[in-house]
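Colleague: I've got this model open and I'd like to know what the labels rest on. Can we go through them together?

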Amino acid sequence: MKKYLLLFIIAVFAMSCSKKVEVKGKITGGSPLERIEFIEASGVATLPLINIGVNKDGTFAGSFEAPKSGMYVMSYGGKQNLIYLKGGQKLEISGNGMTFPSEYVITGDAKNNNDFFTATQKYLTNYAQTVNMNELLMKDEKTFLKGIEKVQADVDKNIEENVKKFNPDDEIVKWKKNDLASTLLTIMNQYDMSHKQMGNPSFKVTKAFTDFENKLQENKEVMVKENPYYRQYLLAKMSPDFQKYAQANSAGKKDITTSELFSEYLKKNQKDLSQTAKDYLLAFVMAQSDIHPGSPEKTSEKIKKIIDTDIKDAEIKEDLKKIQFAINGFKIGEQAPEAALVKADGKSYNLSDNKGKPYLLTFYASWNPYIGEATIPVLKEIVNFYKSKMNFVFVNVDDTKEQFTKTSNSLLKGINGANVYADGGLNSDIAKKYGIYGFKLPCFVIVDKDGKIASKPFFNLGDPELVTVLDKQTGLSAPKVNPNVQLQQPGMMEMDPAAAQQQATAPANAQPAQTN
């Protein structure tokens, strides 16, 4: 009996410690061209944890490792919504393709928590229509504080009513109360700033005001870890001071980045701020200002150094490195990693087979709308021009080999190059090694004749820099194109998960720190 009891205890412990979330469901009227993604909303890792395809009948299924219990961004069809998840849960979602994920129904382990969250959000939406916030912001401080205290009391009352109704876990109740506190702090900062901007720059709030601010952020160490609202409140709070610092310390420095200035500012002007808060705020500023596809290699190297030296939290450090690699790719000159690939006939394919000749790696999937609409016509021209001097490898990251065969035969018919499949799609060996995500597709990487990385990832075949690298690797000289003509998707950053997180979680009046 003791033996079986021990096994039961072990099994329960293993389930409670599991980070895996199993998700399945059905979207009535859902399109097979749309994908479902989950992104952690509370951390700095704004990369998709999973990219799930929707079947013809609207069903979908997948599993992923949830870094921690908390809020996640769920996206579908260019729309996002928040969902609360815990590791070890089995999540069942249903909805309509016209309204998902704005509206959805959850069953399974995550039901109580998300029914509570949805109810509180619905109340806030309706309640906000009853409060004239613009009028309240114009009132004297005493009246304003009284109004804010009433908002807090009303929302707290609703939270407690929904706790009794849905019986959610303590963690999400605490999260919701911290979320409310962060929103109220943001409004209070707006009140302070607006009164200073109304012709009275010396305006100062009273002790009663600051005491209430301090009361709202009694859990500030937890809030800065879990709530993007609170981080943006802190950034907005210090933004005027940082602007002055940046102007004074960037004069005459041509290549100084916002991240460098902000890192220096935190060290010199925010000594009372905890290291945890500094790490999260610096990570946010780096992700929003200097980690993007257009960053020069010199800037990328500066960011790497800041991550290594100034970020102390190991998890944040690792997440930032993942984001930077996903956006900026390998360092030029690094050896291009080998990966498991297979041809349509089932035979394996090695990237190293191209050694002795440069090659262009193209990552694509059938569900990405740009591959057929804009990429293929331009890709044909590039292949035809350079094929005498270089090879072309087209890596398909569809969900199944069957879809790969269908797609490659249709889209790439008659185009010179090796058509190969990455088994597992976006979860494949090569996708992980090259940092390939749904928002990056199609993606192009040039490798030289010695098998070394010769370019950053490109997302636009009309990018003049891509043509320059191709010319250099082949010795040919392509006809010049108008760089203002968009030959690829409207911009990879439109699908950037960091933007998705900000859109789903940021209050409208929050201002990230930035230089002029």
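Modeller: The lining of the second largest pocket divides into 16 nonpolar, 10 polar and nine charged residues. Ala, Val, Leu, Ile, Met, Phe, Trp, Tyr, Cys and Pro count as nonpolar, Asp, Glu, Lys and Arg as charged, and the others, Gly among them, as polar. One caution: this is a predicted model, where local features need pLDDT of at least 70 and side-chain atom pairs count only at pLDDT 80 or more, while totals for chains, interfaces and linings use all residues. Residues are numbered from 1 along each chain as its sequence is written, and side-chain values use heavy atoms, with hydrogens and water left out.

Colleague: What makes something a pocket?

Modeller: On a 1 Å grid over the protein atoms alone, a pocket is an open set of points with protein on both sides within 12 Å along at least five of seven lines, and lining residues have an atom within 4 Å of a point. Here 35 residues line the second largest pocket, with Pro48, Leu49, Ile50, Asn427 and Tyr437 nearest its centre. Strand E4 (59–65) is among the elements that supply at least two lining residues, and E4 gives the most, six. Helices (H or I, at least four residues) and strands (E, at least two) are DSSP runs, numbered from the N terminus.

Colleague: Why is the contact between lysine 176 and aspartate 179 called a salt bridge?

Modeller: A salt bridge needs a side-chain nitrogen of Lys or Arg within 4 Å of a carboxyl oxygen of Asp or Glu. The closest N and O atoms of lysine 176 and aspartate 179 are 3.1 Å apart, so the pair qualifies. Both residues lie in helix H5 (residues 170–196), three residues apart, about one turn of the helix. An α-helix has 3.6 residues a turn, so residues three or four places apart point the same way.

Colleague: How do you know that lysine 321 is partly exposed?

Modeller: Buried means under 20% relative accessible area, exposed over 50%, and partly exposed in between (1.4 Å probe, protein chains only). Lysine 321 has 38%, so it counts as partly exposed. Its salt-bridge partner is aspartate 308, with the closest N and O atoms 3.1 Å apart. Aspartate 308 has 42%, so that residue is partly exposed too.

Colleague: And which residues of helix H16 are buried?

Modeller: In H16 (residues 464–474), they are Leu466, Val467, Val469, Leu470, Asp471 and Thr474. Just after H16, glycine 475 takes a positive phi of about 80°.

Conventions
On a 1 Å grid over the protein atoms alone, a cavity is a set of points where a 1.4 Å probe fits but cannot get out, and a pocket is an open set with protein on both sides within 12 Å along at least five of seven lines; lining residues have an atom within 4 Å of a point.
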